[in-house]
Amino acid sequence: MDINIGGSIYTAAYTVESLTLRDFEKVSLGTLLTKHEAQGFNVYYSDLVPTALVADLQEHLSDTVLLLERRIQCAMGSVPDVYLPGNRELMNLVSTVTGINLGFEDGYYINGGQLPGIFMRTDLQGTEVRRLLTHEYIHHVFDGLANDEILPAWLTEGLSKYYEFDTALSGPRSDATRLRQFTSTDLARAAARSDSLFSLAALDNQNDWNSRTDQDELALQYAEAYMAVRFLIETYGPLAGKDLVEVIGLGTSLSESLETVTGLDIGVFESQFNRWLERWEDPERAPLSDYLIELDAILAKETANSEQRAENLGTSMTRQESISSSAALVQSTEELVAALQLLSPPERARELQQQAEDHLGRVLEWLSLELQASQTQDNVPLRAANAMIPELSARDFTLKRNLSNLKFIFNIPD
């Protein structure tokens with residue numbers, strides 16, 4: 001690899017080798033799969049699946065087991081086997097052999113029969129593959145707690161989505177998960193406010209759930225199920241979801257089980273959920289949104305100053321007019337710096353706040369040099385000011401990019 005740094009070329013050599021697993025046993029399941037023995041379970045992977053991904057997913061699943069044990073305060077028991085077709089086409093072949101009509105799904109879990117386990121395609125982004133494995137494993141956990149009683153689709157899918165987000169937010173690339181989470185929450189909230197939610201009864205049957213093909217309906221049913229479980233857990237305690245599944249596992253109906261756990265029948269529970277969702281605001285995002293509104297206002301004034309400076313440069317002025325216009329820009333920037341320092345950024349925005357303070361501090365230095373040049377008619381401070389322009393442009397770009405990224409992650413409109 002050749003690395004160009006300031007016009008000088010530095011060469012570094014790297015050796016890239018494929019990870020080798022000592023896997024030789026092959027099985028046929030619509031396509032040929034290689035068996036990999038993990039700790040307590042097996043992974044079966046097809047051609048096109050990198051061996052490094054097999055190792056990564058094995059570790060990810062082990063980490064998920066430990067984290068979920070702490071979250072629901074329950075021993076996880078056995079880990080299901082995992083089947084990894086390399087793409088959608090191979091996934092279709094495997095699903096035909098396992099008797100599953102794949103539909104829109106990229107993965108599924110079978111909890112009985114001759115081939116119980118998690119089946120999922122792997123030709124997706126890394127975070128998506130790990131998310132999919134987590135989601136299907138959580139189905140395994142709660143199906144076990146239900147003693148094979150049939151769970152309502154909104155409950156089983158909502159629990160899988162809830163703990164999928166919860167575990168991923170504790171892992172690498174948490175912002176990718178946070179983006180998905182806020183997209184989902186806002187979709188459900190908007191539907192509640194427009195009175196276009198599904199009824200929970202419409203989300204009860206798993207076959208009906210799986211039969212929907214409209215992309216908007218698919219997104220909404222997952223979003224609504226997630227928020228219904230979030231309402232259950234945040235209102236009635238961190239173990240309320242597990243408790244509800246365990247009561248259903250005793251052979252009790254959903255309505256009776258819900259009343260046992262919450263004291264509410266299904267109709268009252270649904271009404272309270274709908275009202276809660278209409279008013280819902282994320283406790284992390286609300287203060288961040290308020291802060292970004294204030295920061296946006298300060299940066300808008302800085303942009304206006306920049307536009308005024310450009311207009312001044314294009315206008316014929318006397319020396320005194322030039323001094324006055326430069327002094328006004330310096331004073332305005334001093335006020336912006338003072339206003340910025342009065343902001344109280346939430347934890348998630350502290351780095352952004354520091355970048356903004358550093359940027360405006362340098363802008364103030366730059367404009368002060370231009371004012372000094374106007375006052376003294378000396379080109380030395382003017383040359384120093386001009387030399388700062390590339391740095392200021394880079395700082396401005398970085399600050400606004402990071403601001404935009406933060407809004408994107410938290411689904412905050414401009």
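**Entry 1: helices H3 and H4**

I began with a right-handed crossing, in which H3 passes H4. A crossing counts as right-handed if the near helix is turned clockwise from the far one by less than a right angle, and left-handed if anticlockwise. Before going on, I noted that this is a predicted model, where local features need pLDDT of at least 70, side-chain atom pairs count only at pLDDT 80 or more, and totals for chains, interfaces and linings use all residues. I also noted that residues are numbered from 1 along each chain as its sequence is written, and that side-chain values use heavy atoms, with hydrogens and water left out.

Helices (H or I, at least four residues) and strands (E, at least two) are DSSP runs, numbered from the N terminus. H3 covers residues 126-145 and H4 covers residues 153-168. I looked up two values for them, since two packed helices are described by the angle between their axes and the distance between the axes. The axes of H3 and H4 come within 8 Å and cross at roughly 130°. Such axes are lines fitted to C-alpha atoms, for helices over the stretch in contact, and the angles run from 0 to 180 degrees between N-to-C directions. H3 and H4 are therefore oblique to each other. The scheme is that angles under 35 degrees count as roughly parallel, over 145 as roughly antiparallel, 65 to 115 as roughly perpendicular and the rest as oblique.

Next I listed who meets whom, with contact meaning heavy atoms within 4.5 Å. On the H3 side I found Arg131, Thr134, His135, Ile138, His139, Phe142 and Asp143. Facing them in H4 are Thr156, Glu157, Leu159, Ser160, Lys161, Tyr163, Glu164 and Thr167. I sorted this contact into 4 nonpolar, 6 polar and 5 charged residues. For the classes, Ala, Val, Leu, Ile, Met, Phe, Trp, Tyr, Cys and Pro count as nonpolar, Asp, Glu, Lys and Arg as charged, and the others, Gly among them, as polar.

**Entry 2: helices H11 and H15**

I then turned to H11 (residues 285-313) and H15 (residues 389-409), whose axes come within 12 Å and cross at roughly 150°. That angle makes H11 roughly antiparallel to H15. Their crossing is left-handed. H11 contributes Leu288, Leu292, Leu295, Asp296, Leu299, Glu302 and Thr303 to the contact, and H15 contributes Asp396, Leu399, Lys400, Leu403, Leu406 and Lys407. By class I noted 7 nonpolar, 1 polar and 5 charged residues here.

**Entry 3: aromatic rings**

How many aromatic pairs does a search of the whole structure find? I got 16. Rings of Phe, Tyr and Trp (its six-membered ring) pair if their centres lie within 6.5 Å; planes under 30 degrees apart count as stacked, over 60 as edge-to-face and the rest as tilted.

One of the pairs is tyrosine 44 with tyrosine 83, stacked at 4.8 Å centre to centre with 5° between the planes. Tyrosine 44 lies in strand E5 (residues 42-46) and tyrosine 83 in strand E6 (residues 82-84), so this pair ties together parts that are 39 residues apart in sequence. Both tyrosines are buried. Buried means under 20% relative accessible area, exposed over 50%, and partly exposed in between (1.4 Å probe, protein chains only).

I also checked phenylalanine 231 and phenylalanine 273, whose ring centres are 5.9 Å apart with planes at 45°, so this pair is tilted. Phenylalanine 231 sits in helix H7 (residues 215-236) and phenylalanine 273 in helix H10 (residues 266-279), 42 residues apart. Phenylalanine 231 and phenylalanine 273 are both buried.

**Entry 4: single residues**

Threonine 51 is in helix H1 (residues 51-72). It counts as buried at 19% relative accessibility. Its C-alpha is 6.0 Å from that of leucine 19, 32 residues away in sequence.

Glutamate 278 is in H10 and counts as partly exposed at 37% relative accessibility. Beyond its neighbours within four places in sequence, glutamate 278 is in contact with Arg189, Ala192 and Arg193.

Last, I looked at phi. Most residues other than glycine have a negative phi. Glutamine 73, not a glycine, has a positive phi of about 50°; it is found in the loop between H1 and E6. Aspartate 195, also not a glycine, has a positive phi of about 55° and lies in the loop between H5 and H6. Buried or exposed, I asked of aspartate 195? It is exposed, with a relative accessible area of 72%.
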